[in-house]
Structure formats: C-alpha cells, structure tokens
Amino acid sequence: MRALLVLLLALIAGPAFAQEATLLRPDRVFDGENAEPHVGWQVLVRGERIEAVGPNLTVPADARVVDLPGMTLMPGMIEGHSHLFLHPYNETSWDDQVLHEPLALRTARATVAARLTLMAGFTTVRDLGTEGAGYADVGLKKAIEQGIIPGPRMLVATRAIVATGAYGPKGFEPGVEVPLGAEEADGDTLVRVVRSQIGAGADIVKLYADYRWGPGEPSRPTFSEAELRLAVETAHSAGRLVAVHAGTAEGMRRAILAGADTLEHGDAGTSEIFRLMHDHGTALCPTLAATDAISRYRGWNGQEPAPETILTKRRAFAAAMVADVTLCMGGDVGVYAHGTNAREMELMVSAGLSPARTLIAATGGNARIFHIDDRLGAVKPGLLADLVAVQGDPTQDITAVEAVRWVMKGGQVVREP
Ligand SMILES: [Zn+2]
C-alpha cells in the first residue's frame with residue numbers, strides 16, 4: 001500500500017519527486033580499480049548512489065552541478081586497521097588508556113576521532129578492537145548510522161580475543177583482576193566467545209596469534225593452530241571474516257593455515273611465509289605507520305639509518321611485495337592521530353609500492369578484502385556515493401591524498417571546499 005502511494009506520488013509530481021541529482025565535474029576520476037585516472041570524466045549521483053560515470057554526461061534538468069577544478073575525484077578511502085577508541089601513545093600510554101580512562105571519556109574522544117577520520121576522506125573503517133572499551137564500538141557505529149554524529153561507516157571487531165595470560169596490561173600482583181585490552185578465551189571456549197562477540201555486534205572477529213608473554217620478551221605464539229582453526233570456522237560459519245594479529249613467522253604460519261582472512265603487522269614474515277600467504281589468499285595489513293610512530297615516540301627523528309624495528313618492517317613489506325601478497329591498506333591508526341590515516345599510504349609508497357597500487361589498496365582493494373565491494377570502494381554506477389575530491393593527482397604524488405577538499409558519504413556532502 002505504501003509502495004503504491006509512493007509510486008502514485010512519483011507519477012503525479014514527475015521528476016521533482018525523484019531523488020536529488022548532483023553532477024560532479026573534477027579534472028579526473030580515479031575509479032578505485034584501474035591504475036590510470038580518467039581525465040575529463042564526470043560522475044552523476046542520485047540519492048545515495050552513483051548513477052552514471054564517464055565523459056560528457058548530459059546534465060539532467062534537476063541536477064545541481066559541482067565543479068571540482070584541479071581535483072581528482074576518487075572513492076571514499078577505506079581504513080583497514082583502526083582503533084577509534086585509542087589515541088596516540090605519546091599523549092597517554094596504551095596501559096594508562098586501558099586502565100585509567102573512563103569509558104565515557106574514551107567514547108567522547110572516539111566521536112571526535114570518527115569525525116576527523118571522515119573529514120580526512122576515509123568514509124569506511126575496519127575498527128579492530130576497542131582495547132578495553134568493551135562493546136562501545138557497536139554504539140559508536142549506531143550513533144553514526146543514525147546521523148547523531150558524523151563519522152565513517154564502521155566494520156567493528158568489538159572486544160577482540162586473546163589467549164589467557166597473553167595480553168596486557170601486565171605487571172600486577174598475580175591473581176589480582178585488572179582491566180584487559182581484549183577478552184580471554186582458550187580451547188573450546190573460543191567457540192562461545194567468538195559467538196558471543198558476534199551476537200553483541202561484531203562484524204569481524206579479531207584474534208591475537210602471538211604477543212609478548214612478559215615485559216621485555218619478544219613476541220611468541222599464543223593460540224595453537226587448532227585453536228585458531230576452531231575460532232576461524234566458528235566465525236566463518238556466521239559469515240564473519242577473521243583478522244589475526246601476527247608478527248612472528250610461526251604465529252603467521254598458524255593463522256594462514258587456520259584460514260584467517262587478513263594478517264595484521266607481519267613484521268617477522270619470511271619469504272616462505274609470504275608465499276604461503278599468497279597461496280592461501282590471505283591479505284596483509286602491514287601497519288607501517290604504527291611502527292613508524294612508535295619509533296618516533298621512542299626518540300627517532302626520522303633520519304637514516306632507521307632503527308632495527310623499521311628496517312625489519314621494510315624488509316617484510318618488500319618480501320610481501322615480491323611474493324605478490326594481497327596488500328590491505330591499514331596503518332593501526334589510533335597509535336598515531338586519527339585523521340592522519342594517509343601516513344600509511346605515504347609509507348607504502350616510500351617502501352616501494354606505486355602510488356596507483358597504494359590508492360587501489362585503500363579503495364577497491366580493501367573493499368574486496370573486506371567483502372564490501374558490492375557497494376563500496378569504486379566509482380561506478382550502482383555503488384554507494386562515498387566519494388572524495390583531493391587537490392592534484394594522487395597517482396603522480398601520493399601526498400595529494402592529504403589535500404582532501406570535498407567529501408561525500410552516501411550522497412550527502414559532508415565536507416566542502
Ligand atoms: Zn591494532
């Protein structure tokens with residue numbers, strides 16, 4: 001009945017009743033899938049979706065025209081690894097954020113982080129754990145969806161899952177309960193915890209395959225391969241992808257064989273491990289920017305020779321490229337300031353990936369890895385109109401992605417020049 005009424009109204013009122021159309025005229029369009037930008041292309045948006053893309057589009061009589069001179073129009077970028085509930089560690093240490101910051105404070109701060117992320121052109125984030133802030137990401141996501149606060153679309157991991165005894169904060173009298181940065185589970189309990197997090201709103205399941213068991217120790221594996229497999233099977237059967245924190249070669253190997261969808265960090269990955277990732281179709285989120293930020297917090301001035309952790313990271317990234325591992329764009333933002341997500345992209349280019357491939361990783365690539373490419377990550381008809389205009393041509397100079405001038409999310413302009 002309601003649908004019939006809407007149809008009748010549309011027939012009587014004609015085009016005036018149709019959804020508002022906007023014709024965008026940038027210098028060029030980077031479509032999120034092809035390395036070459038399309039010079040002179042235009043994009044027609046109607047309602048929340050992209051209706052047409054190409055050269056010389058006819059301007060519908062009802063369309064508003066937006067000229068974006070000197071700019072490249074591209075898909076809204078997708079941050080592959082964020083923590084909206086963390087803020088830079090040089091402001092407050094991770095331990096102090098988890099132990100001493102009230103949930104309301106963390107949530108208030110996260111709303112600001114969400115707005116900064118959107119204004120920087122990142123219209124979607126995969127948020128990989130609240131780090132002790134419980135299920136607050138589910139509520140933050142709802143506040144954004146309901147239009148209460150501006151922010152990106154969110155894929156949330158909620159609390160994340162760690163092996164008992166492996167995660168922090170640490171260093172207290174044994175047996176005394178302290179807040180933890182994630183939820184503990186082992187063996188068969190993993191099934192229950194994966195399901196309870198999904199039931200509470202997790203879009204993705206995040207597991208830690210390795211961690212520092214004690215202060216000053218190197219990372220070592222936590223879950224067995226069988227435990228990881230059980231968790232991955234439980235998540236997959238519920239239609240959830242699995243992200244696994246893995247920095248050691250053995251943690252990575254177990255996670256790949258267990259069927260993880262993405263590995264986070266991958267610092268000690270060897271050529272052999274990256275070949276295994278490639279063969280299993282496991283994507284890597286390198287998080288170069290987090291390592292860079294932490295090194296700077298420890299006093300590195302950015303000059304060469306870089307500290308060993310940076311060199312290790314660069315070697316791993318190079319080995320992953322040689323093995324043709326699918327690269328996610330995800331920097332672990334939150335370790336460094338929200339809204340500076342482009343740092344990861346600039347470091348990917350410094351580490352040898354072309355600007356165009358880096359841009360694809362941040363748009364169409366991440367959309368494919370996160371299984372959202374049916375609606376996001378490209379400039380093509382039928383997809384949601386999440387679009388960003390940057391000054392200059394980022395396929396020539398990646399730093400152009402910092403020069404965001406205009407942002408649209410779901411057909412709504414949220415930032416204007
Ligand atoms: Zn992280």
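In which sense do β1 and strand β2 (residues 38–39) pair, and over how many bridges? They pair in the antiparallel sense over two bridges. The model is predicted: local features need pLDDT of at least 70, side-chain atom pairs count only at pLDDT 80 or more, and totals for chains, interfaces and linings use all residues. Residues are numbered from 1 along each chain as its sequence is written, and side-chain values use heavy atoms, with hydrogens and water left out.

**Stop 1: strand β1**

Select residues 21–29, strand β1. Helices (H or I, at least four residues) and strands (E, at least two) are DSSP runs, numbered from the N terminus. Two strands pair if DSSP finds at least two bridges between them. Seven of the nine residues of β1 are buried, so the strand is largely enclosed by the rest of the structure. Buried means under 20% relative accessible area, exposed over 50%, and partly exposed in between (1.4 Å probe, protein chains only).

- β2: R28 has V39 as its bridge partner.
- β3 (residues 41–46): four bridges, antiparallel to β1. Look for L23 with L44.
- β5 (residues 64–75): seven bridges, parallel to β1. Look for P26 with L68.

**Stop 2: the zinc ion**

Select the zinc ion. Its protein donors are H81 (NE2), H83 (NE2) and D332 (OD), lying 2.0 to 2.3 Å from it. Donors are N, O and S atoms within 2.8 Å of the metal (3.2 Å for Na, K and Ca); water is not among the atoms, so sites may look incomplete. Along the chain, the donors follow the spacing H-x1-H-x248-D. H83 lies in the loop between β6 (77–82) and α2 (94–100), and D332 in the loop between α10 (308–322) and α11 (342–350), so the pair ties together parts that are 249 residues apart in sequence. Both H83 and D332 are buried.

**Stop 3: E264, reached from H81**

Stay on H81 and show the side chain of E264. A polar contact of 2.7 Å joins these two side chains. A polar contact is a pair of N or O atoms within 3.5 Å; within protein, one must be able to donate a hydrogen and the other to accept it, and residues adjacent in sequence count only if both atoms are side-chain atoms. E264 sits in strand β15. It is buried, with a relative accessible area of 0%. Leaving out residues up to four places away in sequence, E264 touches, among others, R126, H245 and C285. Contact means heavy atoms within 4.5 Å.

**Stop 4: Q97**

Move to helix α2 and pick Q97. Is Q97 buried or exposed? At 0% relative accessibility, Q97 counts as buried. A polar atom of the Q97 side chain lies 2.7 Å from the backbone oxygen of H87. Beyond its neighbours within four places in sequence, Q97 is in contact with residues including F85, Y89 and R106.

**Stop 5: the β6-β7-β8 sheet**

Show β6, β7 and β8. These three strands form an open sheet in that order, with parallel pairing. β6 and β8 (153–156) stand at the edges, each with a single partner strand, so one side of each is left without a neighbour in the sheet. Neighbouring strands are turned by 15° against each other on average, direction ignored. Strand β7 (residues 122–127) and β8 share four bridges. T124 stands opposite R153 in β8. Axes are lines fitted to C-alpha atoms, for helices over the stretch in contact, and angles run from 0 to 180 degrees between N-to-C directions.

**Stop 6: helix α8**

Select residues 271–280, helix α8. Its buried residues are I273, F274 and M277. Seen down the axis of α8, they fall within an arc of 95°, so they line one face of the helix. The arc is that of the directions from the helix axis to the C-beta atoms. These buried residues pack against α7 (249–258), β15 (262–265), β16 (283–285) and α10. The face turned away carries the exposed residues E272 and D279.

Pick H278, also in α8. H278 is partly exposed, with a relative accessible area of 37%. Its side chain makes a polar contact of 3.1 Å with that of D279. Not counting residues up to four places away in sequence, H278 touches A323, D324 and V325.
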